[in-house]
Amino acid sequence: MEYTEKKIHLYTITMAKRHHSLVLLSQDHHHGLALALRLRQGNQALLHDGWTHDRVEQARRVQEFYERELRSHFTAEEEAVFPILKEHSPRSGPLITTLIQQHRELERLVGAIAQAKPNDLDGLLVALGELLERHIRLEERELFELYQSDLAPHVMEEVGKAVRRLVASRL
């Protein structure tokens, strides 16, 4: 099995393990990981699916991704998932604090990329890719596991409705 096929297979297994209330967020994570990988790889990134090595164009795509997916993703997590998880799983508090700090840092980096000169983009785009990957992996491996182990099924159903409502504006 080729490396990318392994990654897709593992992602499929992970999605199968997710409670359906988290599937939209996990799908966002899949898109975010693809972007993060390309940003980190820079000129080594494979040029398929219309990707480019042009850092100015990558910066434009980062802005588009933020507006199209990331903004509503952060809102859904911060308004629907985090408060309920914090209420029902006190041990999630420090993790949620870290994730919110990472949201703000990701937003700061997106803003810096929007204002950056072309010569400064490489470092900023790599930094964004690295943080985005760490953040997504932390949510998938720790936050979502806590969510699924500590919340009752009826609570997860309510969270799922709120997540769908909060991301509906972009769909």
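Predicted model: local features only at pLDDT ≥ 70, side-chain atom pairs only at ≥ 80, totals over all residues.

Guide: Residues are numbered from 1 along each chain as its sequence is written, and side-chain values use heavy atoms, without hydrogens and water.

Visitor: How many salt bridges are there?

Guide: A salt bridge requires a side-chain nitrogen of Lys or Arg within 4 Å of a carboxyl oxygen of Asp or Glu. By this rule, the count is 16.

Visitor: How many residues apart in sequence are the parts tied together by Glu133 and Arg40?

Guide: The side chains of Glu133 and Arg40 form a salt bridge (2.8 Å, N to O). Glu133 belongs to helix H5 (residues 121-150) and Arg40 to helix H2 (residues 23-41), so the parts joined by this pair are separated in sequence by 93 residues. Helices are DSSP runs (H or I, at least four residues), numbered from the N terminus.

Visitor: Is Gln102 buried or exposed?

Guide: Buried means under 20% relative accessible area, exposed over 50%, and partly exposed in between (1.4 Å probe, protein chains only). Gln102 has a relative accessibility of 13%, and therefore counts as buried.

Visitor: With which side chain does the side chain of Gln102 make a polar contact?

Guide: Gln102 is situated in helix H4 (residues 93-115). A polar contact is a pair of N or O atoms within 3.5 Å; within protein, one must be able to donate a hydrogen and the other to accept it, and residues adjacent in sequence count only if both atoms are side-chain atoms. At 2.6 Å, the partner of the Gln102 side chain is that of His135.

Notes: Helix = DSSP H or I, 4+ residues; strand = E, 2+ residues; numbered from the N terminus.
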